[in-house]
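Open your viewer and get ready to click around. We'll begin with the whole chain, then zoom in on a handful of spots.

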Amino acid sequence: MHSPQSWDPERYARNARFVSDLGMPVVELLAPQPGERVLDLGCGDGVLTEKLAALGCDVVGIDGSAAQIEAVRARGIDARVMDGQELTFGPEFDAVFSNAAMHWMRRGEAVVRGVHNALKPGGRFVAEFGGAGCVEVIRSTLIAALDRRGVDGKAADPWYFPTDQEYRQLLEANGFDVSYIALIPRPTPLPGDVGGWLETFAESFISKLPREDRPVFVDEVRETLRPKLCNAAGQWTADYVRLRFNARKTAV
Ligand code: BEZ
């Protein structure tokens, strides 16, 4: 079993501001209208939730991290601690929006069913998250480095990266019409060293090791990745692939 990932809003802002900065295409796909009631599923620190509110939406954010939800509430937004795989809403939303969160929810069908329950008939489900092949170079390096230490690397993997066909089928089997779905390779420049990315996003792997062994593990992973992900000028780029879609609730 993989260990839980924790979220520190300050660390997230330092190493992962690009996640919300790059989220505007999915906001545009949502095309939010003033007065619409919108659920932001896995709202993180609420930067995009706040954008939806500024566009006139009546927005609710949910996230599994109490620390992130506290940061969202500090922005004056209605936000609740809730697992995206166990949504408890009835059909009250015009749209469910999600950016860069659903790859942390391995029970994909539970997410889709909960979203279906939360939407009014005809409501939109518009989201983007990691798709098949996302951070494959980083992921395989982490798994191999744990395996070399006699720790099951695959069992530490917290991520769900489906293909577009797989996810289309999941949506259609659960009462959605899909008007758009695509896998989008998006090599993503990092704000610093890949060590910051690992510290922020790879806790499930790193925490498998005793505390004293972790710095050497991170150094080893960084040096294995350097020739693949860092250019001569020292710029690191992560091998992101996004899965982006626009679906509508059909069945009641
Ligand atoms: C993301 O935030 O988009 C992300 C995080 C971890 C792995 C892959 C993608």
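## The whole chain

Show the surface to begin with: the chain exposes about 10,900 Å², and carbon and sulfur atoms supply 52% of it (accessible areas come from the Shrake-Rupley method with a 1.4 Å probe; for residues, only the protein chains shown count as cover). What you have on screen is a predicted model, in which local features need pLDDT of at least 70 and side-chain atom pairs count only at pLDDT 80 or more, while totals for chains, interfaces and linings use all residues. Residues are numbered from 1 along each chain as its sequence is written, and side-chain values use heavy atoms, with hydrogens and water left out.

Now switch to cartoon. You'll find 10 helices and 7 strands (DSSP runs numbered from the N terminus: helices are H or I with at least four residues, strands are E with at least two). The radius of gyration is 18 Å, close to the 18 Å that the globule rule gives for 252 residues, so the chain is as compact as a globular protein of that length (the radius is taken over C-alpha atoms, and the rule is 2.2 Å times the number of residues to the power 0.38).

Of the 252 residues, 54% are buried (under 20% relative accessible area; exposed is over 50%, partly exposed in between, with a 1.4 Å probe and protein chains only). Among contacts between residues at least 6 apart in sequence, 77% join residues at least 24 apart (contact means heavy atoms within 4.5 Å).

## Helix α5

Select residues 108–118, which make up helix α5. Its buried residues are G108, V111, V112, G114, V115, H116 and A118. What do they pack against? Colour β1 (37–41), β4 (93–99), β5, α7 (164–173), β6 and β7 (237–249), and you have the partners.

## Aromatic rings

Next, show the side chains of Phe, Tyr and Trp. Rings pair if their centres lie within 6.5 Å, using the six-membered ring of Trp; planes under 30 degrees apart count as stacked, over 60 as edge-to-face and the rest as tilted. By this rule there are 13 aromatic pairs. Pick F125 and F176: the ring centres are 5.7 Å apart and the planes are at 50°, so this pair is tilted. It links distant parts of the chain, with F125 in strand β5 (119–130) and F176 in strand β6 (176–189), 51 residues apart. Are these two buried or exposed? Both F125 and F176 are buried.

Then select W104, W159, F161, W197, F201 and F205, which form one aromatic cluster.

Go to Y240 in strand β7. Y240 is buried, with a relative accessible area of 7%.

D45 comes next, in the loop between β1 and α3 (47–54). At 6% relative accessibility, D45 counts as buried. Leaving aside residues up to four places away in sequence, D45 touches Y12, R17, Q68, V72 and R75.

A31 isn't a glycine, but has a positive phi of about 50°; look for A31 in the loop between α2 (24–30) and β1, where A31 is partly exposed at 38% relative accessibility. A100, also a residue other than glycine, has a positive phi near 55°. You'll find A100 in the loop between β4 and α5, buried at a relative accessible area of 14%.
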